[in-house]
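Reader: I have a model open and want to learn how to read its features. Where do we begin?
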Amino acid sequence: MEDEYVLSVKEISKNFGVVQALTDVSVNFKRGEVHGLIGENGSGKSTLASIITGVYRADQGIMKLNGETYQPSSLIDAGKKGIAMIVQEMGTISGITAAANIFPGKENMFSRMGIVNKRKMEQEARKILDRIGASHIHAETVVDEYSFENRKIIEIARAVQEELQILIVDETTTALSQQGRDILYQLIKQLKKDDKTIIFISHDLDELTKYCDTVTVLRDGRYVCDLHKEEISPDKMRQLMVGRDMQDDYYRIDYKKPPKTKAVLSVDSLTGKRLKSICLDLRKGEILGIGGLTDCGMHELGRMIFGIDRPDSGKVYTGEGRIEITNPRMAIRHKIGYVSKNRDQESIMRLSNIRDNICLPSYDKLKKKFYISRKAENDLAERESQRLQVKMSSLDQLCIQLSGGNKQKVALAKWLGNESDILILDCPTRGIDVGVKAAIYQLMEQYIKDGKSIIMISEELPELIGMSDRIIILKEGIISGEFKRDPKLSESDIIKYMI
Amino acid sequence: MTTNNLSISVKKRHNIFERVQLRDLIPFISLILIALFFQIISQGSLLSVRNLKLIMNQSFALIIGTVSCSFIVAEGDVDFSMGSMVGITAVCAAWVSQVNTILALPAALAVGLIFGLANGILYVKFRIPSFVVTLSTLLVLRGLTIFISGGGSVSVPFSLYIFDSLPVKICVAVGVIAAAYFVFEYSKLGKMCKAVGSGAQAAYQSGVPVNKLRVFGYALSATMCGLIGFFNMVRAGSAATNTGNFFETDVLIALVLGGMPLSGGASSKIRCAVIGSLIVAILSNGMVFWSINEKLQQGIKGVVFLIAVWLTFDKRNAQLIK
């Protein structure tokens, strides 16, 4: 009975001090299947993956690999036994070649008398890269010259070695473009054919529906159930993850045409990195969605509108007085806020606590002459973190300890506290679980009901279609299409204008 | 989900005992232990009134130096040129005082300000890393000091000796500490400096004028070095080629012993500067009572520094040199 399972974990429990991350979780993984693992932030799925790959040791429970007891002492130990993982963050080592990154710790395979035969290593690396369909990556190039995405692909190549039995993909796809994802999907299909197992951790429910044979749902550190083949659907998964019925109004449900209001932000012939003479207006009370392929220039557009990057030519205006925006301070003074897609480096200060992060742009509002009272700071931070229901132990908690969704809430709380009238959100729900996603959508809807405006830059078409009043599509730096909010609008209508 | 929900939930006001962590107490405990240790070694002389006055005189420069460089450190930067800054300002002030005594202090401050701005501008406009800039400044200014003092020393008129009084120094030190503490903890300026250290990009995108603050930090540090240079000069009666030598090292050691995170950010505190300075002062003073060979004293300071870093450095989150 146990032979058909390549890996089975039984009654695994793990706590980190006060936090009980996993309680009595048992899951069985079959050979040659794509097995999804889903759950909200805090459900324990990353902890489980870490235990399987030897990063943590379970407090209770046992694991069996191919029927034999399995207790890895480290990542490398797990690797030797055939279990590898690719993650969301940067996993390649800067400063060395792609080949060196593919064979870390295994240089002995190519060395004679202590000298490594670089040519041979590069040759073998090239073979692996070709095998996974990444021939555009050169084994002898230093990885720093490659984009984040290509470096991720090199990580994939590292994972796909001879002894691989189980590949764990931990939320990797969120940071990849379509091309990168395709390489990954190809790989998954190939591994499946070779009778290997893939454990797929992702928040992208459509992706999971498409590729998984089985999906295990975790909630609050406990096993909920398994879904098999036909049972797998985004709605079902959402429902099980959150534990309550997700109402239909996940996205906005209103479709009435908003009255033609005045423009609160105007972009006039903006030209610069990747962008060619972009003109657009943001109207009061609307959500303007901006979409396209990853490299179409929409992220750069967001930065330029907020004043972070200087355009080569063109201007950005706001408000009645047609004031030109040239840097972030100015934008903020005119009640504009910006949430970068690069959450950890750009939208929050990881090493500061929640209070400092929320109060940061609002010190002018809080101060009396030169004095900023603790009380004023606490009141503001308390009010905004309550409004967004940030899950935290206290305002003194460091942001680095928060989950992705809560970090995003803090970033939004910051601008709400500053009473911004215009928000520029770049990939606002990327890598965030369903529950928090819904909360952010509700927030956005309430925000525009209050007469404020949002520019939402997103790579997720369902989100753009579900939330925007108007959608502008960029392709290679120019506006290639504009769509109005419509219940009949579908992804295929839009994709034509993107590629 | 209601958005305008000012919930009347129980406000979690952590009492003082929950907020203070063990790590915060280490410098304070070290200070007490070291004082006790040397009090015993010196058979009671360490904390005698006469010796306390000596300690206060000796720690004056260090306290001003560490407190004023706290802004730079909070921003995650470093200033290796402080010693040379003390030297050049002292020598310039001494030179000016021979012409006109009233202008001595303003001259010291002005010279400091100018070179401090230079440090900041080289760092920010020319994008040269801060430790490279300040190391170069250290060398350049030291050379300039030697040049101006003609290889010897520049003496100071007697009339300025009245400034070498402990009450004056205590007032100045207390004033500086109080002002720094207020700005650091309760003003927009201080909070923004810490924000730069915590996450410069995020701070910039939240409207913090990162570059201006960096220049400010270096200008402040150097100007206060001018203040130190002035007092050094009046105490010694002259300014010489080696005035201020190794001062930046003492500042760095004091900051670390006081528990200041070298990576900057929100956990920087003025008390770290003050406690650290007292520890170094007592250490130096106490070693004399212990009759430790002068040559060994530097070495011992180095070992203490190493141990302090090992105990307090937050390896997971810090970047010593950015």
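Author: Begin with one pair of residues. In strand 2 of chain A, A:Phe29 is the bridge partner of A:Leu7. Strands here are DSSP E runs of at least two residues, helices are H or I runs of at least four, and both are numbered from the N terminus. Two strands pair if DSSP finds at least two bridges between them.

Reader: What conventions apply to the model and its numbering?

Author: This is a predicted model, in which local features need pLDDT of at least 70, side-chain atom pairs count only at pLDDT 80 or more, and totals for chains, interfaces and linings use all residues. Residues are numbered from 1 along each chain as its sequence is written, while chains are lettered from A and ligands numbered from 1 in the order in which they are written.

Reader: How many bridges join strand 1 and strand 2 of chain A, and in which sense do they pair?

Author: First the general idea. Strands of a sheet pair through backbone hydrogen bonds, either parallel or antiparallel. Here strand 1 (residues 5-16) and strand 2 of chain A are antiparallel, with eight bridges. They belong to an open sheet of four strands in chain A, ordered 2-1-4-5, with antiparallel pairing. Strand 2 (19-30) and strand 5 (68-69) of chain A are its edges, each pairing on one side only.

Reader: Which helix packs on that sheet?

Author: Helix 1 (residues 45-52) of chain A does, touching strand 1, strand 2 and strand 4 (60-65) of chain A. Contact means that the C-beta atoms of two residues, placed from the backbone, lie within 7 Å. The direction of helix 1 makes about 115° with that of strand 1 of chain A. Axes are lines fitted to C-alpha atoms, for helices over the stretch in contact, and angles run from 0 to 180 degrees between N-to-C directions.

Reader: Where does chain A show parallel pairing?

Author: Look at strand 15 (residues 287-292) and strand 21 (residues 470-475) of chain A, which pair in the parallel sense over five bridges. A:Gly289 stands opposite A:Ile471 in strand 21 of chain A. Strand 21 of chain A also runs antiparallel to strand 22 (residues 478-484) of chain A, with six bridges. There A:Lys475 has A:Ile478 as its bridge partner. These two strands of chain A form a hairpin with two residues between them, and A:Glu476 in the turn has a positive phi of about 50°.

Reader: How do helix 14 and helix 15 of chain A pack?

Author: Two packed helices are described by the angle between their axes and the distance between the axes. Helix 14 and helix 15 (residues 404-417) of chain A pack at about 125°, with axes 9 Å apart. That makes helix 14 of chain A oblique to helix 15 of chain A. Angles under 35 degrees count as roughly parallel, over 145 as roughly antiparallel, 65 to 115 as roughly perpendicular and the rest as oblique. Helix 14 of chain A contributes A:Leu380, A:Glu384, A:Ser385 and A:Arg387 to the contact, and helix 15 of chain A contributes A:Ala413, A:Leu416 and A:Gly417.

Reader: At what angle do helix 11 and helix 12 of chain B pack?

Author: Helix 11 (residues 247-257) and helix 12 (residues 270-289) of chain B pack at about 115°, their axes 7 Å apart. They are therefore roughly perpendicular to each other.

Reader: How many residues of chain A are in contact with chain B?

Author: 32 residues of chain A are in contact with 25 residues of chain B. Helix 16 (434-449) of chain A is among the elements that give two or more residues to the chain A side. Helix 16 of chain A gives the largest share of that side, four residues.
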